Amino acid sequence: MTLEAVKNILDSFKDPFLNLTANEMHLEQKIVIEKRAMTINLIAGFPIELLEINYKPALLNELQTHFAKYQITVAISQFIRAHKTQMAGKGLRGVKNTIAVASGKGGVGKSTVTVNLASALARLGCRVGILDADIYGPSIPLMLGQTDPVQISGDHYLPVLAHGLQAMSIGYLTQTDQALIWRGPMLAKSLIQMLDITLWDELDYLFIDLPPGTGDIQLTLVQKIPLTAAIVVTTPQNVATLDAQKAIKMFATTGIDVLGIIENMSTHVCSQCGHEEAIFGSGGALELCATHHTTLLGELPLDGRIREQCDNGTPTATQQPDELTDVFFKVAMRSVIELAGKPINYADKFPRIVVE
Ligand SMILES: Nc1ncnc2c1ncn2[C@@H]1O[C@H](COP(=O)(O)OP(=O)(O)O)[C@@H](O)[C@H]1O
Ligand SMILES: [Mg+2]
């Protein structure tokens, strides 16, 4: 009886910050009730720092009001696993999960979203990397700010370190003002080569900032790199969501799970009067999610601070916590929670392969 009641509470009680239930967060639950003692062990497949701060005390409080006579303990542990990719066998060497960030169009804020998701997760205590695969316009070096140069170890590159994360970009390897005039196939090849010789240090998540669009290069990359999942970034207007559909279809045809869609520049809040306006229209991404049965991972505001902080090499998610950093923490958490619900890659117990 009591066990059922506890399960019911776990089924309906929502994390106050993320607004998700234990099931929606894919938490593994172990409930032990002995006499007047109740122990609830929860295992999360994603970083738990925010759950420790928000969910745990709130859940404990909820349980205590229902079961006043019990001595209640809630423990949450973190176990980030390697999930299946579109390829049989193991994932990328040194990486549990690779997440491609794509958009149908350039300029929708794909790189901005990538650095902010990655820095939010690094800040929450997991091991995160960024691979800048946007060879036409590598912007990750600018957005991560000044770093030490890439180190070479034997036949390998060691990624640079910035804001607690590991990063690699062609921008770190070539002079930034040197125009890249390589053609398509060579471009894809050089990128895969770069990925091949980069030694990632035991990452939970590697974000890959793909070049905008859905052409041959993108297709080659998503076919050759073992990807656990993809995130599609769009702005709300029709031209952008139409292109985002193409990206969703590209992942569907290559057998890659789309975790969801992030709508960027959803609303603009006037810094003078606080008036909120949907400059690029509204509801575009939500409609896209309904059509393609995928999740709206979040809506990000159009805010001058986001641009400025990225331009200065100190992305918003690395700033003092406030309502704007919270937006990125929420989207980052939604993304990895969604990932935690995907099938596990059991082949990953063995040494990982290298991309050829
Ligand atoms: N939510 C936002 N609010 C304000 N400026 C943004 C936002 N998202 C992106 N930007 C700015 O828009 C420009 C394009 O973003 P970027 O991330 O480089 O796009 P993409 O990688 O898709 O080409 C950059 O100057 C960036 O700072
Ligand atoms: Mg970009």
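Two strands count as paired here if DSSP finds at least two bridges between them. Helices (H or I, at least four residues) and strands (E, at least two) are DSSP runs, numbered from the N terminus. The model is a predicted one: local features need pLDDT of at least 70 and side-chain atom pairs count only at pLDDT 80 or more, while totals for chains, interfaces and linings use all residues. Residues are numbered from 1 along each chain as its sequence is written, and chains are lettered from A and ligands numbered from 1 in the order in which they are written.

**Exercise 1. Work out the strand order of the eight-stranded sheet and find its edges.**

Step 1. Walk across the sheet and you get β8-β9-β5-β10-β4-β11-β12-β15, an open sheet with mixed pairing.

Step 2. Now check the ends. β8 (160-162) and β15 (295-299) each have a single partner strand, so one side of each is left without a neighbour in the sheet.

Step 3. Angles run from 0 to 180 degrees between N-to-C directions, and axes are lines fitted to C-alpha atoms, for helices over the stretch in contact.

Step 4. Zoom in on one pair. β5 (residues 128-132) and β10 (residues 203-209) run parallel, joined over five bridges. Take Gly-129: its bridge partner in β10 is Leu-206.

**Exercise 2. Find which helices pack on that sheet, and at what angles.**

Step 1. Start with α9 (residues 284-292), which lies across β11 (229-234), β12 (258-263) and β15 and runs at about 160 degrees to β12. Contact here means that the C-beta atoms of two residues, placed from the backbone, lie within 7 Å.

Step 2. Then take α11 (residues 323-340). This helix touches β4 (95-102), β10, β11, β12 and β15, and its direction makes about 165 degrees with that of β15.

**Exercise 3. Compare how α8 meets α9 with how α3 meets α11.**

Step 1. The axes of α8 (residues 238-253) and α9 come within 10 Å and cross at roughly 30 degrees. That makes α8 roughly parallel to α9, given that the label covers angles under 35 degrees, with over 145 roughly antiparallel, 65 to 115 roughly perpendicular and the rest oblique.

Step 2. List who touches whom: Asn-238, Thr-241, Ala-244, Gln-245 and Ile-248 of α8 face Gly-284, Ala-285, Leu-288 and His-292 of α9. Sorted by class, that's four nonpolar, five polar and no charged residues. Nonpolar means Ala, Val, Leu, Ile, Met, Phe, Trp, Tyr, Cys and Pro, charged means Asp, Glu, Lys and Arg, and the others, Gly among them, are polar.

Step 3. Over to α3 and α11, whose axes are 9 Å apart at an angle of about 85 degrees. That makes α3 roughly perpendicular to α11.

Step 4. Here Asn-116, Leu-117, Ala-120 and Leu-121 in α3 meet Phe-328, Phe-329, Val-331, Ala-332, Ser-335 and Val-336 in α11. This contact divides into eight nonpolar, two polar and no charged residues.

**Exercise 4. Describe the three-stranded sheet and its helices.**

Step 1. The order is β1-β2-β3, open and with mixed pairing. β1 (28-34) and β3 (71-78) are the edge strands, each pairing on one side only.

Step 2. β1 and β2 (residues 37-44) pair in the antiparallel sense over seven bridges. Ile-31 has Ile-40 of β2 as its bridge partner, and Glu-28 has Ile-43.

Step 3. Look at the turn: β1 and β2 form a hairpin with two residues between them, and Lys-35 there has a positive phi of about 50 degrees.

Step 4. α2 (residues 49-66) lies across β2 and β3 at about 155 degrees to β3.

**Exercise 5. Identify what surrounds ligand 1.**

Step 1. Count 18 residues around ligand 1, the closest being Gly-109, Lys-110, Ser-111, Thr-112 and Arg-307. A residue qualifies if its C-beta atom, placed from the backbone, lies within 6 Å.

Step 2. The elements giving two or more residues to this shell are α3 (110-123) and α10 (304-311).
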